[in-house]
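I opened the model today to look up a few spots. My notes follow.

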Amino acid sequence: MSDLDRYRMLILDAPFCLRRPFEASGQKIDNCAGAAVGTILDLQERYQPEQTFCCWEASGSIGRAWGWDQEDDRSLLGRREIDAGYKAQRNPWPEDLVRLVDELMPVLGQIGVTNVCSEDEADDAIAALVKSGSPDVPALIWSADHDLLQLIRPGVSLVRDYAGSDKTPITSENIVERTGMTAAQWSSYLALRGDPGDGVVGVPRIGDQRARAILAAVPDGITPDSSREACLRAAAERDASIVKWVSWVFDHWEQFLTAWSLTQLRPDSPLRVTPPQPDREAAAAWFSVRGHAFIARRLASSGPDAWDDEEEEW
């Protein structure tokens with residue numbers, strides 16, 4: 001599938017969609033809603049999905065807004081039971097931004113977006129949607145998070161949107177060319193190397209290059225079900241210099257298992273869903289009142305029905 005073909009499901013990392021303009025603006029709240037919805041409209045117009053999902057997490061006040069009665073950051077509780085340092089360096093959502101989320105969710109529904117909230121993290125909501133989907137329903141995920149590379153399979157693609165990135169979809173056909181590994185190997189890679197951005201410590205002395213070398217020698221990856229003997233045998237057949245590092249991983253097996261538990265997505269996470277209630281006129285009015293005239297005009301002059309009536313070249 002080319003990136004110009006229609007994806008029937010567009011799945012968005014909603015916290016990233018909102019926090020990116022918030023942080024880029026020096027934590028100014030004024031333009032966040034317009035920037036976030038502008039991004040959603042751009043993606044809808046480019047990929048023409050039949051359904052758009054914004055995936056949220058039960059973080060503090062956001063979780064309470066969805067009916068989860070929890071003062072702490074509920075979305076992190078499960079993984080912090082494994083490691084109290086998980087995402088400890090992350091700042092909580094500012095209250096101004098939480099209030100904006102409360103206002104924005106109904107507006108997203110008015111532009112045809114289904115809001116989905118995970119009891120765990122937004123990535124887990126995305127994983128749950130992918131698991132529930134059919135291979136016959138092509139889905140496109142939009143995020144900057146490399147954790148989501150685990151989800152790529154036939155019919156599921158990922159656009160990683162960050163400064164300097166190639167913003168064409170990563171697919172099951174091009175993931176090795178684009179990232180150097182398969183989706184299954186990404187699961188092993190994150191457990192071997194860890195994920196410093198989330199405060200996850202991997203196997204000692206295993207960084208990016210060594211993790212990639214291990215997976216080149218053990219192409220089926222290393223998982224909690226892997227046999228030490230089978231992995232050593234696979235490494236010996238391909239690169240004898242890597243055998244000692246495969247053995248090293250198994251010597252530090254508990255650390256590997258901890259990192260694995262923290263970095264694997266949770267597709268069975270409980271979800272709460274708010275279906276869309278399309279009313280683009282009301283959404284346009286909401287943005288107009290707040291001074292986002294450009295977004296208001298876009299909403300007033302476009303919609304999913306226009307995609308079938310117009311031929312547009314990219």
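How many nonpolar, polar and charged residues are in the lining of the second largest pocket? I counted by class and got 4 nonpolar, 2 polar and 5 charged residues. I keep in mind that this is a predicted model.

**Pocket.** I looked up the space first. The second largest pocket holds about 190 Å³. Its lining is made of 11 residues. Nearest the centre I found Leu43, Arg46, Tyr47, Asp161 and Lys167.

**Gly38.** I stayed with helix H2, which covers residues 32-47. Gly38 is in this helix. Is Gly38 buried or exposed? Gly38 counts as buried, because its relative accessibility is 8% and the cut-off for buried is under 20%. Next I looked for contacts, leaving aside neighbours within four places in sequence. Gly38 is in contact with Ile295 and Arg298. I also checked Phe294 against Gly38: the two are 256 residues apart in sequence. In space, their C-alpha atoms are 9.1 Å apart.

**Gln185.** My last stop was helix H8, residues 183-193, where Gln185 is found. I read a relative accessible area of 9% for Gln185, so this residue is buried. Which residues does Gln185 contact, beyond its neighbours within four places in sequence? I found Leu215 and Pro219.

Conventions
Residues numbered from 1 in each chain as written. Predicted model: local features only at pLDDT ≥ 70, side-chain atom pairs only at ≥ 80, totals over all residues. Heavy atoms only, no water. Helix = DSSP H or I, 4+ residues; strand = E, 2+ residues; numbered from the N terminus. Buried < 20%, exposed > 50% of the residue type's maximum accessible area, 1.4 Å probe, protein only. Contact = heavy atoms within 4.5 Å. 1 Å grid on protein atoms, 1.4 Å probe; cavity = no way out; pocket = protein on both sides within 12 Å on 5 of 7 lines; lining within 4 Å. Points joined across faces, edges and corners; volume = space filled by probe spheres on them. Nonpolar A, V, L, I, M, F, W, Y, C, P; charged D, E, K, R; others polar.
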